[in-house]
Amino acid sequence: MFPTTRMRRLRSSKFRPLVRETTLDVKDLICPVFVDETIDEPLEISSMPGYYRVPLNMAVDEAECIRDLGIPALILFGIPAEKDETGTHAYGDDDVIQKAVRAIKKDVSDMVVITDLCLCEYTSHGHCGVIGDNQEILNDPTLDLLGKTAVSHARAGADIVAPSGMMDGMVGAIRSALDESNFSETPIMSYAAKYSSAFYGPFREAADSGFAFGDRSTYQMDPGNSDEAIREVELDVAEGADIIMVKPAMPYLDIIYRVKETFLMPTAAYQVSGEYSMIKAAAKMGWLDEQKVVYESLLSIKRAGADMIITYFAKDMAKMLGE
Ligand code: PBG
């Protein structure tokens with residue numbers, strides 16, 4: 001008790017580094033990369049200032065740049081030239097993701113290449129699954145396509161596949177499909193607790209994955225629920241997930257904390273597009289110090305329990321950490 005205990009004693013700059021409980025490292029970061037089959041030059045995403053889609057022939061340059069900053073992993077999203085009802089171009093050996101993965105693994109082989117595994121960028125209606133007669137998103141027929149897509153990613157050389165569609169049983173289906181094709185060593189990073197969030201708004205422009213009708217609330221989680229996240233993660237762990245993810249990150253720090261405490265699993269958090277755009281917008285207005293807020297936001301996500309963070313600030317943060 002005061003005056004014996006003085007919390008301020010250790011707050012001097014001399015002691016702060018010694019008693020700091022959480023630190024950020026470049027090795028905690030995963031950088032999202034949007035590869036667009038339809039462009040020849042990088043294309044800035046207007047709702048995500050400073051973030052670009054890259055053409056296929058620049059995917060390798062982008063991966064090299066990420067590697068040179070010391071970031072150990074990237075996660076790929078594809079924008080295909082053609083979309084159809086069932087997302088056929090998600091799983092062809094010569095489709096956008098498969099080509100990008102092959103090129104990156106050939107030239108930047110030490111980079112961990114994660115592939116986002118979902119149909120929404122490849123379906124004409126923009127939903128994460130196959131559509132039934134009454135515009136409902138059909139769960140079980142989607143699983144076969146996810147399995148096929150996972151195998152095509154692994155065949156192209158993907159190091160980790162990351163299913164993000166929130167279909168029931170997706171991790172189990174993908175695990176069996178991979179195992180049957182001799183990819184039993186390919187880990188699955190499951191978007192296990194993915195909320196139906198308005199914070200994904202800018203991503204829909206980034207990945208051209210806006211939906212033609214309805215929303216994603218019949219498959220993504222209700223933002224009011226926390227116990228349900230535990231049940232979602234429990235199922236994915238039982239089905240064989242190697243890494244589990246909570247998404248978005250900052251509005252769901254309590255979920256990250258609970259999930260890490262409960263399962264002790266390698267845990268990823270996704271600082272999503274809306275979290276990026278908010279900080280960018282406020283910084284542009286001069287209302288926030290961008291660098292400090294980026295650092296603090298990522299540190300808080302790690303402190304909550306994340307082992308790794310997918311963030312559009314990965315390159316900026318890596319540069320800052322290197323300074
Ligand atoms: C695809 C997917 C989405 C995001 C990652 N994978 C969009 C969605 O579910 O609507 C969002 C990422 C972001 O907002 O940064 N299923």
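## The ligand and its cavity

In this structure, an N or O atom in the side chain of K194 lies 2.7 Å from an oxygen atom of the ligand, a polar contact being a pair of N or O atoms within 3.5 Å. This is a predicted model, in which local features need pLDDT of at least 70 and side-chain atom pairs count only at pLDDT 80 or more, while totals for chains, interfaces and linings use all residues. Residues are numbered from 1 along each chain as its sequence is written, and side-chain values use heavy atoms, with hydrogens and water left out.

| Residue | Ligand atom | Distance |
|---|---|---|
| K194 | oxygen | 2.7 Å |
| K247 | nitrogen | 3.4 Å |
| Y312 | oxygen | 2.6 Å |

The protein covers 100% of the 400 Å² of accessible area that the ligand has on its own, as computed by the Shrake-Rupley method with a 1.4 Å probe. The ligand is surrounded by 17 residues (a heavy atom within 4 Å), and the closest are K194, R204, K247, S273 and Y312. This shell divides into 9 nonpolar, 3 polar and 5 charged residues, where Asp, Glu, Lys and Arg count as charged, Ala, Val, Leu, Ile, Met, Phe, Trp, Tyr, Cys and Pro as nonpolar, and the others, Gly among them, as polar.

The ligand sits in the largest cavity, which means that more than half of its atoms lie within 2 Å of the grid points of that cavity. On a 1 Å grid over the protein atoms alone, a cavity is a set of points where a 1.4 Å probe fits but cannot get out.

Technical notes. A polar contact is a pair of N or O atoms within 3.5 Å; within protein, one must be able to donate a hydrogen and the other to accept it, and residues adjacent in sequence count only if both atoms are side-chain atoms. On a 1 Å grid over the protein atoms alone, a cavity is a set of points where a 1.4 Å probe fits but cannot get out, and a pocket is an open set with protein on both sides within 12 Å along at least five of seven lines; lining residues have an atom within 4 Å of a point.
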